[in-house]
Amino acid sequence: MEQKFNARPTKTGKQGRLTAPATPMSTPTRAVRTRAKTVEKRAEILQAAVEVFGEKGYSKATLQEIADRVGITHAGVLHHFGSKQQLLLEAVKYRDNADLAGYEEKVIPDGMEQFAHLIRTAKMNEARPGIVQTFVVLSTEAISDRGSAREYYEERYRTLREEISENFRNLCQQRGASDATARSGAIAILAAMDGIQYQWLMNPDEVDLTAETEFAINAIVRAVLDPA
């Protein structure tokens, strides 16, 4: 049987043309709300991951425990991060950003405050041995990995070397001293912090993470700024 349609005038006023029915469209406001909820949930998962990895380390921490802390399922965590290793990498990044939360530009400070900040970071790490352990494990694996972990650590160390080197150069200029060892000083500070962390993880009763980090950083700063 032939179907008949009632012709309706179009915007041009012509009769007899069929028009598709209007379909509801997502409003920008709804899309923004959805994205905001996703960002908020990811932040909750990352905070829980930092806590669980910090308490138990990478091998003993489970995605289920992290999921339980934020009231979602194991599959929900994987929906946001894909894998346990990817979640660990994002948790390490989240921790780094959280450590800079008190600074307006979200970068390590300049001047002598920069070295004080690095020492405070060691102090904070004493309360989260698990996340320090996972950081060390992930950085070690990144040496032979060409994936996102390798890219992250390469960029992380490159940025820190540049920031600390530049800070040394500025301080040397202010004091009228040579900045010839500025880059070596930056590399030495990062190497000392990583090395002391490793020894502390192996023998926490024998190595004082904060005290030894402070001693090493102060010695390197003096060597660069006030060479004998």
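This is a predicted model: local features need pLDDT of at least 70, side-chain atom pairs count only at pLDDT 80 or more; totals for chains, interfaces and linings use all residues.
Local features were taken at pLDDT of at least 70 and side-chain atom pairs at pLDDT 80 or more, while totals for chains, interfaces and linings use all residues. Residues are numbered from 1 along each chain as its sequence is written, and side-chain values use heavy atoms, with hydrogens and water left out.

Helices are DSSP runs (H or I, at least four residues), numbered from the N terminus. Helix α7 covers residues 148-175. Glycine 176 follows α7 and has a positive phi, near 70°.

Helix axes are lines fitted to C-alpha atoms over the stretch in contact, and angles run from 0 to 180 degrees between N-to-C directions. Angles under 35 degrees count as roughly parallel, over 145 as roughly antiparallel, 65 to 115 as roughly perpendicular and the rest as oblique. The axes of α6 (residues 129-142) and α7 come within 8 Å and cross at roughly 105°, and the two helices are therefore roughly perpendicular to each other. Contact (heavy atoms within 4.5 Å) involves Phe135, Leu138, Ser139 and Ala142 of α6 and Ala149, Arg150, Tyr153, Arg156 and Tyr157 of α7. By class, this contact has 6 nonpolar, 1 polar and 2 charged residues. Ala, Val, Leu, Ile, Met, Phe, Trp, Tyr, Cys and Pro count as nonpolar, Asp, Glu, Lys and Arg as charged, and the others, Gly among them, as polar.

Helix α5 (residues 112-125) also packs on α7, with axes that come within 9 Å and cross at roughly 140°; this pair is therefore oblique. Met112, Gln114, Phe115 and Leu118 of α5 meet Glu163, Ile164, Asn167, Phe168, Leu171 and Arg175 of α7. The contact of α5 with α7 has 6 nonpolar, 2 polar and 2 charged residues.

Between α2 (residues 63-70) and α3 (residues 74-81), the axes come within 8 Å and cross at roughly 95°, which makes α2 roughly perpendicular to α3. Leu63, Gln64 and Ala67 of α2 contact His74, Val77 and Leu78 of α3.

Aromatic pairs (ring centres of Phe, Tyr and Trp, the last by its six-membered ring, within 6.5 Å) number 4. Phe135, Tyr152, Tyr153 and Tyr157 form one aromatic cluster. The charged end of arginine 156 sits over the ring of tyrosine 157, 5.7 Å from its centre; the criterion is NZ of Lys or CZ of Arg within 6 Å of the ring centre and within 35 degrees of the ring normal.

Notes
Rings of Phe, Tyr and Trp (its six-membered ring) pair if their centres lie within 6.5 Å; planes under 30 degrees apart count as stacked, over 60 as edge-to-face and the rest as tilted.
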